[in-house]
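Hi everyone, thanks for coming. Please have the picture open as I talk, and we'll walk through it together.

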Amino acid sequence: MKKNKTFLSIIAAAGLLLMTGSCDRSRNDKGYEYFPDMAHSIAAETYTPNPNFADGQTMRLPAENTIPREMVPYPYDNSLESRALAAAELINPLEATEKNLLIGKEQYRIFCENCHGTLGDGKGYLFTSKKYAIQPASLLSEKMLGAPEADIYHVITAGYQVMGAHGQMIRPDDRWRIAMFVKNELQANTLK
Amino acid sequence: MSHTSIKSGFRQAKMLLVSLLAFLLFSLSSFNSNAQDQGKQLFEKNCQVCHKIGGGKLVGPELLGISQLREREWLVKFIRNSKELIDSGDKLAIQVYEENNKIPMQSFTNLSNAEINSIIDYIDNWQPVQKKEFTVDINKKDGFTETEIRRGERMFYGLIPFENGGTASCISCHYTKNTDSLNWNPSAHDLAIAFVEKNGMNIYESMSEPSSQVMEKAHQEYNLTGEEIYNISAFLSEFSQKETKQFKIFPKRLMLFILFAILMTLAIIDLIFTKKLKYRIVHLIIIAVGLAVHLNIAMTEAKALSRTQDYAPDQPIKFSHQIHVGENQIDCQYCHHIADFSKSAGIPSNDVCMNCHNVVLAGTNSGKFEINKIKRSIENGEPIEWIRIHNMPEHVFFSHSQHVNAGNIACETCHGPVAEMHIMKQFSDLSMGWCIDCHRDSKVNFKDNEYYSSYMKLHEQMKAGKFDSVTVEQIGGLDCMKCHY
């Protein structure tokens, strides 16, 4: 009978071990594969390393002095003069329809709100939580109330002062939609 | 009597006065150092992005000796709101503005007069760090002898204590092996690589000029001698050649498997040959439980083949999603900005990091070391090699845009509670069953999406009231060629 008990306790302990123990893999270990015949791409994928190029990357820049299809080069930099020039020269190709404003609102939420605030007053969460030390510009200042949509479009695209350029992150149409949203909703609400 | 009492009274007053004066002086000096600290902190937080003290022009002008150059009252006004001053026609302000490429200075209306003054005080009292002279060459980066390397290794591991104090050894913070959880301090390997780099700092510089508060706190008590620095340099230069060791976890399941294999063999032997146990039921129970355990382990292991659930590799930078998404509430799509119109969600480029980190120079937990890796990558032009976690096999097509944009599925549905992950891990198993389950249950925005207007039959059935919503399955979400083509 005594042996019986020891056996049972071994089984119980083992059962507990099975319940609590997860896999034997460390977090850095991907585990095993089973006949991965068609699992790995033979062609180089976007982010895979590539031994054929000197820098080892698969992603290439366009050849020098060429521009990608449908891309319109942006001639203005982030200086003050360019900003004034862009504000005067650029024209918004979109109309302020309800749908455009809705997309603009969503894009504003994703890309702008964290610094410039839900209301556009420059009191975004990153600033109020003291993570970001410099106060972001208010979009409701007198200067911004007087600025055209193209001015907002330009600042998003090229950046200004400590604000980085967001042109490569937000598509041109969405930039216009954000500008329209700021003008037609955020600023319109303050003017009331 | 009265005389003495007056005299003693006077003496008391004098004592009181002296002690009061001493207290006043003391509190003043402590207040002074507090103000100095405050000025330093404010400077690091607000000014450092654009200005240097005694290091030449950055974005804004050099600030060393600024209060001899300009009046304090004007400085306070200019710091508070330079634009107002320029607009009001202040000649000096306009001159400064034009000298600095017409980049207007940020206004600091949120700072009080006292705070601005404390910053100016800090600049006035700033002194360059006194360089210590060493008899050995602490900048040497290779060509060390074996004994020097071994001695350095023993120091790094804490086997030889430091001469001038410092209780913890290097290795207690700077691990030579990776661990199961996140260690915010740079690993020994990271340190070694940063050290041997062309313009890498020597150990004395990096320890005596702490770049962040995190680092300053950690290294306060250390005062290494030249020889110690030299030996540790030797160790680091050798260590930079080595790979980081992978930590191993105890293989519980394998042990369990072996244990039951042994138990079952013993039971069978006893059952057929030795017959020591009276009751056969015991043998049978052992064999039954053993088989169940073996099958269970075999099944879970087989299921995990080619799937990398819970894979959470060490990334080249200790980037924490918990801090960025959880604490800072940055939207997923701010960094993964192509998720809504591209197949891949995208790995953010260095530019995206720098949108914030040109101002946020030090992390709460990691100090400057991890953020500086981005800067080094930009300067060297060498991309940061992030390690891909989620990867679909080549024979499956998966597009983020379809799910994020058309499907309107929240990122967390598949990627799990990313806002709580310091180390990013694969939350879902990404198996076919998992895909199919979701396609069966998820409803499609059928009425409002023009794309589905050609699904005449479904529209008719819906009108007839057969069902009030359409799942992905009904529009062909389970067809083989939907994902495999």
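Reading chain A along its sequence gives the pattern α-α-α-α-α-α-α-α. That is eight helices and zero strands. Here helices (H or I, at least four residues) and strands (E, at least two) are DSSP runs, numbered from the N terminus.

A quick word on the source. This is a predicted model, in which local features need pLDDT of at least 70 and side-chain atom pairs count only at pLDDT 80 or more, while totals for chains, interfaces and linings use all residues. Residues are numbered from 1 along each chain as its sequence is written, and chains are lettered from A and ligands numbered from 1 in the order in which they are written.

Back to chain A. How much of chain A is buried? Of its 192 residues, 23% are buried. By buried I mean that 20 or more other C-beta atoms lie within 10 Å of the residue's own; exposed means 12 or fewer, partly exposed is in between, and the C-beta atoms are placed from the backbone. Next, contacts: two residues are in contact if their C-beta atoms, again placed from the backbone, lie within 7 Å. Among the contacts in chain A with a separation of 6 or more, 56% are between residues 24 or more positions apart.

Now find helix 3 (residues 98–111) and helix 8 (residues 172–191) of chain A, which pack at an angle of about 100° with their axes 7 Å apart. The axes are lines fitted to C-alpha atoms, for helices over the stretch in contact, and angles run from 0 to 180 degrees between N-to-C directions. So helix 3 of chain A is roughly perpendicular to helix 8 of chain A. For the labels, angles under 35 degrees count as roughly parallel, over 145 as roughly antiparallel, 65 to 115 as roughly perpendicular and the rest as oblique. The residues of this contact are six nonpolar, four polar and four charged. In this scheme Ala, Val, Leu, Ile, Met, Phe, Trp, Tyr, Cys and Pro are nonpolar, Asp, Glu, Lys and Arg are charged, and the others, Gly among them, are polar.

One more stop in chain A: Phe35(A), in the loop between helix 1 (2–20) and helix 2 (80–89). Phe35(A) is not a glycine, yet its phi is positive, at about 40°. Is Phe35(A) buried or exposed? Phe35(A) counts as exposed, because it has 8 C-beta neighbours inside 10 Å.

Let's move to chain B, which has 22 helices and two strands. Of its 485 residues, 19% are buried. Among contacts between residues at least 6 apart in sequence, 69% in chain B join residues at least 24 apart.

Where do the two chains meet? The contact takes 43 residues from chain A and 58 residues from chain B. On the chain B side, at least two residues each come from helix 1 (2–47), helix 12 (252–274), helix 13 (280–304), helix 15 (332–335) and helix 16 (350–357). That side has 29 nonpolar, 16 polar and 13 charged residues.

Take helix 12 of chain B by itself. The expected span of a helix is 1.5 Å times one less than its number of residues. For the 23 residues of helix 12 of chain B that should be 33 Å, and the end C-alpha atoms are 31 Å apart, which agrees. Its buried residues are Arg253(B), Leu256(B), Phe257(B) and Phe260(B). After helix 12 of chain B comes Lys275(B), with a positive phi near 55°.

Chain B also has a helix pair to look at: helix 3 (residues 72–80) and helix 6 (residues 113–125) pack at about 115°, with their axes 10 Å apart. Helix 3 and helix 6 of chain B are therefore roughly perpendicular to each other. Their contact divides into five nonpolar, two polar and two charged residues.

Last, two loops of chain B. Asp310(B) lies between helix 13 and helix 14 (321–327). Asp310(B) has a positive phi of about 70° although it is not a glycine, and with 16 other C-beta atoms within 10 Å Asp310(B) is partly exposed. Tyr455(B) sits in the loop between strand 1 (443–444) and helix 21 (456–463), and Tyr455(B) counts as partly exposed with 17 C-beta neighbours inside 10 Å. As for helix 21 of chain B, zero of its eight residues are buried, so it lies largely in the open.
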